[in-house]
Amino acid sequence: MDHKMIKVEDTGLSFETNLNLERMDDLAREMIIMVGEDVTREGLVKTPRRVAEAWAFLTRGYHQTLEQIVNGAVFEAESSEMILVSGVEFYSVCEHHLLPFFGKVHIGYIPDKRILGLSKFARIADMFARRLQLQERLATQIAEAVVEVLRPQGVGVVIEGLHLCMMMRGVEKQHSKATTSAMRGIFKKDARTREEFLRLIHTQE
Ligand SMILES: [Zn+2]
């Protein structure tokens with residue numbers, strides 16, 4: 001894959017992408033025309049390029065790997081108490097409508113001699129969120145990544161998300177907040193561990 005760094009002018013952000021920005025620019029221009037707009041009017045002239053760069057950013061998780069993100073932040077530890085990282089913000093794009101969904105991820109795990117630097121959990125969540133996603137799969141992928149990196153006694157992931165595809169399209173507003181979870185190891189087998197995790201999440205709110 002041919003990766004290159006791009007710098008997005010309106011955010012000042014630099015990141016790696018292998019997206020063909022020229023092709024994305026063409027697609028965005030075509031879409032603007034298709035909805036009946038005049039792509040040459042002042043407010044829209046630079047929009048195709050901005051859209052291309054925005055999509056490069058929103059899908060940059062495809063170009064990241066777990067190894068890069070963890071990058072040696074696994075430490076030995078004797079603790080076998082539950083560790084909770086709650087309220088991690090995420091922003092993703094639903095794969096059914098290409099509209100955003102966003103919310104909070106809560107991750108709990110019970111280590112087995114190994115722990116991971118706390119900031120890495122947010123980065124793992126972000127890597128998977130910056131792809132076309134389903135909220136259900138996002139929870140599963142985060143849980144499995146923690147299993148892969150730490151081989152813990154167990155891990156639980158709960159995600160609360162608001163889906164613009166439901167909120168903006170009108171009819172199903174009552175289902176707009178979705179909660180999904182993935183439990184592995186002792187979190188799956190032992191109801192008391194799972195309940196402790198769920199209780200801890202709610203006391204943080
Ligand atoms: Zn959707």
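Modeller: Happy to! Let's start with E37, which counts as partly exposed at 33% relative accessibility.

Biologist: Why is E37 called partly exposed?

Modeller: Buried means under 20% relative accessible area, exposed means over 50%, and partly exposed is in between, using a 1.4 Å probe and protein chains only. E37 has 33%, so the label is partly exposed. Before we go on: this is a predicted model, where local features need pLDDT of at least 70, side-chain atom pairs count only at pLDDT 80 or more, and totals for chains, interfaces and linings use all residues. Residues are numbered from 1 along each chain as its sequence is written, and side-chain values use heavy atoms, with hydrogens and water left out.

Biologist: What makes R41 and E37 a salt bridge?

Modeller: The term asks for a side-chain nitrogen of Lys or Arg within 4 Å of a carboxyl oxygen of Asp or Glu. Between R41 and E37, the N to O distance is 2.9 Å, so the pair meets that definition. R41 is partly exposed too, at 38%.

Biologist: How do you know that E160 and K177 form a salt bridge?

Modeller: Their N to O distance is 3.5 Å, and the limit is 4 Å, so they qualify. E160 lies in strand β8 (residues 154-163) and K177 in strand β9, so the pair ties together parts 17 residues apart in sequence. Strands here are DSSP runs of E with at least two residues, numbered from the N terminus. E160 is buried at 16%, while K177 is exposed at 53%.

Biologist: Why is T180 called buried?

Modeller: T180 has 12% relative accessibility, so it counts as buried. T180 is found in strand β9, residues 177-185.

Biologist: What makes β9 an edge strand?

Modeller: The open sheet has five strands in the order β7-β4-β5-β8-β9, with mixed pairing. β7 and β9 each have a single partner strand, so one side of each is left without a neighbour in the sheet. Two strands pair if DSSP finds at least two bridges between them. Strand β4 (residues 83-94) and β7 are joined by two bridges and run parallel.

Technical notes. Helix = DSSP H or I, 4+ residues; strand = E, 2+ residues; numbered from the N terminus.
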